Amino acid sequence: MRTKVRWMDKIVKVIKGTGFSSISAQEIEILEQYLYCIDKNGIIIKRLNPSDSQYNQTLQEAKETNKLIALEEGQYLLPGFIDLHIHAPQWGQSGTALDIPLHQWLDTYTFPLESKFNDNMFAEKVYSHLVDTLLAHGTTTGLYFATIHEEASYKLAEICAKKGQRGLVGKVVMDDLEQNPEYYRDKDTKTALEDTESFIKRIKTLQPEIKQGVYPVIIPRFVPSCTDQALEGLGELTAKYDVHVTSHCSESDWEHGYVKERFGKNDAQVLNDYGLLTDKSVMAHCNFLSDADALTFKKQGTAIAHCPISNAYFANGVIPIKKFHELGVEIGLGTDLSGGFDPSVYSAIRQAVISSRMLEDGVDTSKSPIERSTTDKSRITVKEAFYFATAGGGESLSLPIGRLAENYAFDAQVIDTRTPNASMPIFNDSEPLEDIFQKLLYLTKRENITSVWVQGEKIKK
């Protein structure tokens, strides 16, 4: 009589298929026809390859108990993507006016749009469409800037919870009377801090009900938007509640210069002085970080949300992301909707590779190759960009996500390479899986993503 696999009683489903997951920034695992055994909490508690002694018996028991879900030929698993920088209210203006200066873009388009989110019905319409869109593109976790409005910000968290996406959401603080438009800013510093604390408490009350997790985030929009008193108060809330923090940091020439003139030091040091750099902090852009700033990030456990598309439009430079990662700073990717026009992290992966190549090679063709190139080895590979989009994002958020590995949440996307309207050029049945992995990252479209899973639950598309 066959002995039953003891831990199978804890399993609610078994996924069978070939997947890819990061071991490190330089190395991926090719998981050919693995079994991913998932418990009721959506965690991979066992991962078996065909040579494991328990593989065949586990496969048979999963079939007999109707727990098996097998991928079809031509389908592959990737971890769900983690987008570390999304301006949720700006979804309504994505693809608009990216050819004008940042301050003009903010004043003409962004701030007027964000001010409309005092209307909860409008907020629900935009946020529902956005979360659906991101899930359809394989984004299983999103770190969101909302607006200054507490109710609309809470609505975004509710929508993430309802639709099954893991959402980290914050009410944005903008209290400086001189740096923010009169029609769109916090009433005063006291109100900004009280609303932020109220929001944190409400999300913490919501948390026990949500399997995949929703998390409150403290968000000073960026240093120029906030008074010294607001930054101090937000730092105190960070220590009191031990929650995530996000903001913009040294994004552009203007921001970097403004903060240095106001405080006599860089963004990173200002944020650190106010207690806003922790191991749950993620700072977007960081194009003008000094090596000393980067070492402060490393010491505090603070991560960079690398936003290569929006950087090309608004950042005035290319971030040496490889250097910062080699210095020990955690790195993830962000789309930066709508400074980045595309909701797909696939586009961020591709642009991260492209930008790094341009940084290393230089762009001024009037100079010789030696003169126009940088001395640093700046280029990253697509494996590194994939790591930033998955495992690196999970490490940045201090959450067990981003890998198809034991003790990680089963967040995954199924890519079908044979979708009629978006088929890939795979003509050889024996094509190396590492080559297929690269094609997935460079060629996947929304149509190829046939299903998405978050915390072991299949999202209804």
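In this predicted model, Asp-411 is a buried residue, because its relative accessible area is 3%, which lies under the 20% that marks burial. Asp-411 is found in the loop that runs between helix H15 (391–397) and strand S15 (412–416). Its side chain is joined to the side chain of Arg-166 by a polar contact of 2.5 Å. When neighbours within four places in sequence are left aside, the residues in contact with Asp-411 include Arg-166, Leu-78, Pro-79, Gly-80, Thr-140, Thr-141 and Trp-453.

Two packed helices are described by the angle between their axes and by the distance between those axes. For helix H5 (residues 189–206) and helix H6 (residues 228–241), the angle is about 20° and the axes are 9 Å apart, which means that H5 is roughly parallel to H6. The crossing in which H5 passes H6 is right-handed. On the H5 side the contact is made by residues among them Leu-193, Ile-200 and Lys-204, and on the H6 side by residues including Ala-230, Leu-234 and Tyr-241. By class, the residues of this contact comprise six nonpolar, four polar and four charged.

A further pair is formed by helix H3 (residues 120–136) and helix H4 (residues 150–163), whose axes come within 9 Å and cross at roughly 35°. H3 passes H4 in a crossing that is right-handed, and the contact involves, among them, Ala-123, Tyr-127 and Val-131 of H3 together with Leu-156, Ile-159 and Cys-160 of H4. Eight nonpolar, two polar and five charged residues make up the contact of H3 with H4.

How values were computed: Residues are numbered from 1 along each chain as its sequence is written. This is a predicted model: local features need pLDDT of at least 70, side-chain atom pairs count only at pLDDT 80 or more; totals for chains, interfaces and linings use all residues. Side-chain values use heavy atoms; hydrogens and water are left out. Axes are lines fitted to C-alpha atoms, for helices over the stretch in contact, and angles run from 0 to 180 degrees between N-to-C directions. Helices (H or I, at least four residues) and strands (E, at least two) are DSSP runs, numbered from the N terminus. A crossing is left-handed if the near helix is turned anticlockwise from the far one by less than a right angle, and right-handed if clockwise. Contact means heavy atoms within 4.5 Å. Ala, Val, Leu, Ile, Met, Phe, Trp, Tyr, Cys and Pro count as nonpolar, Asp, Glu, Lys and Arg as charged, and the others, Gly among them, as polar. Angles under 35 degrees count as roughly parallel, over 145 as roughly antiparallel, 65 to 115 as roughly perpendicular and the rest as oblique. Buried means under 20% relative accessible area, exposed over 50%, partly exposed in between (1.4 Å probe, protein chains only). A polar contact is a pair of N or O atoms within 3.5 Å; within protein, one must be able to donate a hydrogen and the other to accept it, and residues adjacent in sequence count only if both atoms are side-chain atoms.
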